[in-house]
Amino acid sequence: MNRFLKILTVILLMTLTTVHTYAQSASDAYNKGVALMNKGDYQGAIASFKASMAINKSAANVKKCNAQISKCNRLAKKKTTDRKDEPKKTTQKTLVVSAKNVGFEAAGGERIIGVLTQPESNDWIANVASEHESWCKLSKSMNGKELQIECLPSNSTISRYTGITVIYDQETQFIQLTQKGKDAEITAHPNDVKFKLKGGTEKVAISCNSDTLYADNKNWQLSKRPDWCEVYVGSSNEITVKVKEVKKGDPIYESGRSGDIILKSQNQECIIRVDQRKRNIINSILKH
């Protein structure tokens, strides 16, 4: 009796960890439970009825499944009583998957995972969290030896994750799935800003597709600037660059100066070159 209660407890815990069954409908799981019960496989039948309730949580379906579970319990108890003097025979069931971690690029794709059961059986299920079903699709091969995982292309620059639970009888295997985000892109127009020695201000338009947010809900941030430049971040798609006057007699009056403003988003950088020098410096160089 204690062993039977432990089996029921493990089956209940297994059912609670199952978020959503993709391969069977609630009706299929219920019909399968009836078939297993008629064959005398009461534990398998109870698991199928509980799987049906996990898929369809309506009061009618729960009531119908609970009635069958009660019937299975009575029949199992009678079977145990009738055979109490017979030697107990147990079959060790095992479940092995060929990969515990699966990775996809942002473009998506398909992966085949081997599923090995002992004794060999097609009677296993695989689940993925319901909120991730829009981009992660599962299917079982006809012979029940492979799980196909399809990952749809990602439109985000941020990686996304989910978990796949494979269940066979009382055995459970977990597969961690990761999909990289598409590359972030950040550009500036113009990316080469020129100032006269008298200084001034210039506006630069910023374009960025990143899904990562930084300060003030902007998807990029200022990483570096020359100490002689002031950079004012206005709207989410614009900065203002201000440069002070270089007066005659200043050591850099003749040579001018240049430096880089660097904007960053995720692992991408955008470089804006800033130059301040005499307007006729190029002509002077050509003359010499």
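Let's start with a pair of strands: strand 5 and strand 6 pair in the antiparallel sense over five bridges. Strands here are DSSP runs of E with at least two residues, helices are runs of H or I with at least four residues, and both are numbered from the N terminus. Two strands pair if DSSP finds at least two bridges between them. Within this pairing, Leu 138 stands opposite Ile 149 in strand 6.

Before going on, a word on what we are looking at. This is a predicted model, where local features need pLDDT of at least 70 and side-chain atom pairs count only at pLDDT 80 or more, while totals for chains, interfaces and linings use all residues. Residues are numbered from 1 along each chain as its sequence is written, and side-chain values use heavy atoms, with hydrogens and water left out.

Back to the sheet. Strand 6 also joins strand 3, antiparallel, through six bridges, and there Gly 109 has Cys 151 in strand 6 as its bridge partner. Strand 3 in turn is joined to strand 1 by four bridges, again antiparallel; Leu 95 has Thr 117 in strand 3 as its partner. Put together, four strands make an open sheet in the order 1-3-6-5.

Now the inside. How many residues does the largest nonpolar core have? It has 21, and those with the most contacts inside it are Leu 147, Ile 149, Ile 164 and Val 166. A nonpolar core is a set of buried Ala, Val, Leu, Ile, Met, Phe, Trp, Tyr and Cys residues joined through side-chain atoms within 4.5 Å. Buried means under 20% relative accessible area, exposed means over 50%, and partly exposed is in between (1.4 Å probe, protein chains only). Strands supplying at least two residues each to this core include strand 1 (94–97), strand 3 (109–118), strand 5 (136–140) and strand 6 (146–151). Leaving aside neighbours within four places in sequence, Val 166 is in contact (heavy atoms within 4.5 Å) with residues including Leu 95, Trp 124, Leu 147 and Ile 175. A second, separate core of 19 residues includes Phe 195, Val 231, Val 243 and Ile 272.

Let's move to the rings. A search of the whole structure finds one aromatic pair. Tyr 30 and Phe 49 form it, tilted, at 5.4 Å centre to centre and 50° between the planes. For such a pair, ring centres of Phe, Tyr or Trp (its six-membered ring) lie within 6.5 Å; planes under 30 degrees apart count as stacked, over 60 as edge-to-face, and the rest as tilted. Tyr 30 belongs to helix 2 (residues 26–38) and Phe 49 to helix 3 (residues 42–55), and both residues are buried.

Helix 3 also holds Ser 48. Is Ser 48 buried or exposed? Ser 48 counts as buried because its relative accessibility is 9%. Beyond its neighbours within four places, Ser 48 touches Ala 29, Lys 32, Gly 33 and Leu 36.

To finish, the whole chain: five helices and 16 strands, with 37% of its 288 residues counted as buried.
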